[in-house]
Every structure is written in C-alpha cells, then in structure tokens.
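Open the model in your viewer and switch to cartoon view.

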Amino acid sequence: MVKKKHIKMLADVVILILLPLLMAELLTGQMAHEWLGTGIVILFIVHHLLNIGWLKNLFKGEYTASRSLMAIINLLLAADIIALAVSGIRMSGFVFGFLEFSGGMLFARKLHLFSSYWGMILMSVHLGLHGGMALRMSGKWFHAARKNNVRAWLLRGVAFVLALLGIYAFGTQNIADYLLLRTHFVFFDAGKPALLFFAEYLSMIALFTVFGYYLNQLLKKADARSGNASHLRKGKSIAWKIVSFAVPLLLFSISAYLLTASRQDGQGSQWEAGTDNNVQADNSNREKNPAEDTTKKSGGIEDGFISISGGTFQMGSPEDEAWRSEDEIPHQVTVDSFYLSPYEVTQKEYQERMGENPSSFQEDGLPVENVSWFDAVEFCNAMSEAAGLTLAYTIDGQNVSWNRSADGYRLPTEAEWEYACRGGTETPFNTVTSIGADEANYYGHYPYQIEENYFTQEKLDTEPGEYRETTVKPGSFSPNRFGLYDMHGNVSEWVWDFYGSYEKEDADNPTGMETGTRKVYRGGGWNDFAKNMRSAYRAALQPEKSSFNLGIRLARGAVSGGETSVASAATKKKTETGKKMLIAYFSWGGNTKGIAERIQEQTGADLFEIQCKNPYSEDYDTVLEQAQRDQMEQARPELAKHVENMEEYDTVLIGYPNWWASIPMPVASFLEEYDFAGKTILPFCSHGGGRFGQSLTAIAKLVPEAELGEGLSVHYSGDDGLDDDIKQWLSIILK
C-alpha cells in the first residue's frame, strides 16, 4: 500500500529530476520550460498539502540541531519556490500569457534566475537531509547496506565520486555567478551534448544531496552526544571499507583519463576551418607568437601575411540592417590586391620594436592595446625598418604622409579592412549568421539584437554567451574565409582613414577624407556589444587618444604606383581646458546626477540638467525599451530647456548613463544643438559594467570640431572612493 510519506518523497525526487530540464530552457524551448515550471509548482503544493502536519507542529516540541537545520532549509525552499512561481508568471508568454502586467520585467528576470539556482541547491540539500528515509524506502539492497560494511562504503564511494563531478561542474558552469547575480543571463554551450549537460546538473544535485545527508548525520551525532546516547558501532573490516570506497574513485579516475585523452586527440579537428586561401588553423597557434609560427612567404617576405586578392564589394550596410548608423551608406568599392596580417599585433612584437608596452592586460601573447593612431603608424615604420623595407609613412609633427608605392608595413585603409573582414559575405558579420561568444571575444552577454529581445531570447539567432572581461590570444577562434582571425572582437583596429562621409559614387581604392579630426577604427573589442562589431560599423577617435580595447593589425604592399597620400593629423597634445566650465548631464535613475553634483563641489562649475520635454517612463523595464527604440531610430528627443549662453563656456563636462553601450539620445540632441567647435568636451559616464561602451565614439562623431578629453567612468553611483577618483581625474584633465 502506498503511504503518504512515499508520495511526498516521490514528489521531491520528481521535482529534482525536472530541475535540470528547467535549466535547459534553450534545449526545451520557452513553452516547455513554462509547463515544466508549472508542474514543479503543482508538485510543491501537493507536497505541502501532504506535509500539513509538519507545518502544524512547526512551533511545537524541542528543536535539536538537526531539526533546526531541516526547518531552516524547508522555509528557505518554500520562499524560493514562491519567488520562482511569482517571477515565472510575470515573465510567462504562454501558460500565463493571458495575464496583463505593467513593468517589473527586469526585476522578475533577475529574481527568476537567482531563485532557480538557489532552488536547485536548496532542493538537493532538502533531499539529502531526508536521505535516511530515502534509503529506507528505496529497497532491500540499499536498506541492507546500512548493516553491511562493504555495501555501505561502496555507496559512500559512489557518493564521493558524484560529489567530485558536482564540484567540477559547479566550477566550469560558473554557478557562483548566478547565485551572486553577477550575470543576468544563462550561458549555454551549444556545442555541448545534451546528455553531458544533464549529467553535469545531476552531478551538482548529487553534490548538494550528499552534502545535506552528511551534514544531517553530523548534527544527529552531535545531538546524540549531547543526550549521552551511545555511539554508532565501528565496522569490523577497515580493509574492506577502504577497498569498497576506492572502487568508484578508481573507475572515476580511469574514465576521466580516457575522456581527457580523447579530447586531446580531437583538438586539431576542433579548430580546423578551410578558407578561400587554403589556410587552416589549429590550437598550436594559440601557444606561440602568431608572427613566428609560419614561414609562408607573402610578396617574397617571410612574415606570414595573407595575400588578399583585390575585388569589388558593397561597402557599408543596407538600410534594413539592424542597428546600422547613418554613416554606413552602401556604395560599391573596388580595392586592389594587398597583404594583411592574419593576426592582431601582440604585446611582445610591440615591446620588441617600441621598447614599451602600454597595454592594460599585460601578457606577451595578448594583443597590444591602449595605443593611439600615432603610436600605430610609428610602430609600422619600426617594423619596416627592422625588415629592411621602404617606410610607408613620413611623420612630421602633426602631419603624416603615406607613400603608397612603398613595400613597408602600414595600416589598412578602411575599405581594405571591411573587404578583408567580410571575406565575401554581405551579412552583418563574416560568420554569416549572428556571431556568438564561442566565435569571437566580445561582451557576450549582449549578442546581436539583444536590445529588442532583452526579456525573452527565443527570437535571437545567437543566445547570450560568455563575457571574458579581457583580451585573449590572437587566433583563439576560427578564421574568416580569407584566413584572418579576430576581425570581429578582441581589440578594435586602427585604419588609415580620417572619419567622414563616404563618397556617394563608386570608388576605387578610397583612402577617406583628405583632412579631419578623428581617425577610424574597426572591428569592435572585448568590451563591445555585438552590434558594434558588425562588418560595416565605424568607430572614430582622435588620433592621439588610446583605449583599452583598441589595437593594431598590419597591412603591406597595397596600392602600386608613385602616388603619395598626405593627411593632416591632429596635434599630439594634452587637453587644454578653459577657465569657464559647464557640467551638462542627463540622468534617469539619479546615479549620473549624483556624480555631476560631486564634480561641481570640486570645480565650482555651472550645472545644467539635460531634460526631455516628454520624459522617459519611470518604469525601468519600459525605459529600457524606449532607450533601445530611440537608439535604433537615432531619434533626437526634444529638450525641455536650453543653455542660453553656451558661447561663454570653453569646457563642457558631459555626463550620462551608459544606455545600450552608447549615449542616451537626449545627449545627442544636446550635442547637436550647439556649436562646439574649439571647445573641450570631457565625458563622464555611469555604467553597470560596460564602462564607456561606444559612447565616446558617438560623441566624437557628433562634435567633430571639439577636442575630446579624457573621460571618467563610474560603476553605478560610485563607492566611498568616488571623491578621490573625481579629484584624480580633474587633476589630469584640468592641467
């Protein structure tokens, strides 16, 4: 006859079995996920209805250590399941889609993710606390194991192995990030077999079940000792215990060894990728300086550069490409053949030629970054001189001229870069489909078009992935069709051209505007959203400025002929600020406003708040949608008030929150309203982890005649050291 306690235990076990399925929403789909979640809540309710006696006796009787632990875990689990149910119903698009809600979606998402992983742990510990009951109910063999030393220790060995697997899975799955809300997305390795995915989660469940079981046993022993109860009898044969315990461990070790060996044997094929130039990549490239791992000649020179055959392509982006900018006007461009390095320049290469390493992430094999455009052209000449080639550049103070007939190293033109990046594709990325975090190093939490699909990712071509928060070795991912690595992500790359409008007519070997104040860089970096890594995306910065995600890729032997292209570059100088300053800021949640007021306290500058005539919603979920819509449309919201005496200010400090990796559109309205020619703009930004994103490039494009000074990025509203950070920043920019 089935007893009530059997049904309760069965409900617990079924819930635990369903939990890994819930963690695999990207495998099951959202509809199945919602029905599974609904089923768990129903089982939870059934469990508590059957367990009503426990609830009635909650405040009765004596509380031992063991009973106290059970009560705490049970209450936390009840609260967790309620949080899961409430947040799940709020986010539902199928089962409870008929319910109408307003706002709270972002909070519901965070709460759901948070309670999901804590629920898995609490449910596992809960089952472990009742492990003795489970063993008694599970059959004669397990029940007999309690009286048989060999079987008992064999079970302990199995439990130990499962716990080891659970610890490994816990670390590799970065579960701590979910438990502490360090990330708001579930990251799923699409290349991992589904069976392995479920095995990892089951092993984690086993880990915490074992933990709960033995913790409860320890507490029971402590309770027994405090009550002068007799100790448990010791086993008769310690040798049999050791042997039976070691058997599962030995099997685990052999399996782990075989699995590791099989992965090592298959590594070569994992990274192979055929290209139009018959180039193949393998993992050996990742352990060496990329410039030294090949003897392939290009143009008679042994530097491993790829010969890029010239051709005609559509430069820019079509009008229907999501997140395109107005400066990406599509036009037909022809480029001649040239050579391009398959890799970004490493810190070791730069250090050897320049005698310094300015990079933020210091390691020989990583790409050099934090270099200005002037640094890049000087490095090109240093490389040419070392190789005995004709220097491509003549640098004379603020002027840099390019000898286009020289065979020395140089930066690619913007057209050459996009042609090489595309590799014959016409899609937003050279991967044809939306690029994933397993294909490039970028802010993987924000894949292409995440802005429109932030609350549900079913329509995304690529799901959110890993955010590494650092550069990686060049060649860590598969190359494009031309055999070029990291054209998307890792570090952005300087090109030759001044930033400006494209030529409307067809162009042959264009070299950009003849003069300007900003130089173009391309490709996006480790800290960029996918939308800013598109093949057509254009970023711009003053040539004397540098960034922690901006590096170099070398070209050589491009356009033949004796023509010389001369460009007048901005003077390499520190920002000089005027005496009268204005602090203009846009703030939605109050973080930027607080920073602006702290800056005013230290400077005495005038303060102006940028406000919309029609303010954004006060609901965070809604304002996220409004912000991405305005960015997508490049809207210019009408402002409620204006600066009447802008001509009196020489220096303007612009403050704003990082919205979708750029400036809020009201800031764009403000910048376009006034003439900033000759003025100095000093940006400061509040952010949730993305620092400036591409906001500096957005400002640089909008006010090309202004001097853009060093910026200050603050995490949310800052911490106790904010005043010191502001003081240090001001001491640099106000010299």
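**Stop one: a helix**

Select Thr592, Ile595, Ala596 and Ile599: these are the buried residues of helix α17. Look down the axis of α17. Its buried residues fall within an arc of 100°, so they line one face of the helix. Keep in mind that this is a predicted model.

Now select all of α17, residues 591–603. The helix has 13 residues. From its first C-alpha to its last it reaches 19 Å, close to the 18 Å expected at 1.5 Å a residue.

What do the buried residues of α17 pack against? Show these strands: β17 (581–585), β18 (606–609), β19 (651–657), β20 (680–687) and β22 (712–715).

Step just past the end of α17. Glycine 604 sits there, with a positive phi of about 75°.

**Stop two: a strand**

Move to strand β5, residues 331–335. Which residues form its covered face? They are His331, Val333 and Val335. Gln332 and Thr334 make up the uncovered face. In a regular strand, side chains alternate between the two faces of the sheet.

**Stop three: the partners of β5**

Select strand β4, residues 311–315. It pairs with β5 in the antiparallel sense, over 5 bridges. Click glycine 311, then find its bridge partner in β5, valine 335.

Next, select strand β11, residues 507–508. Here the pairing with β5 is parallel, over 2 bridges. Click valine 333: opposite it, in β11, stands alanine 507.

Key. Residues numbered from 1 in each chain as written. Predicted model: local features only at pLDDT ≥ 70, side-chain atom pairs only at ≥ 80, totals over all residues. Heavy atoms only, no water. Helix = DSSP H or I, 4+ residues; strand = E, 2+ residues; numbered from the N terminus. Expected span 1.5 Å × (residues − 1). Buried < 20%, exposed > 50% of the residue type's maximum accessible area, 1.4 Å probe, protein only. Arc of directions from axis to C-beta. Contact = heavy atoms within 4.5 Å. Pairing = 2+ DSSP bridges.
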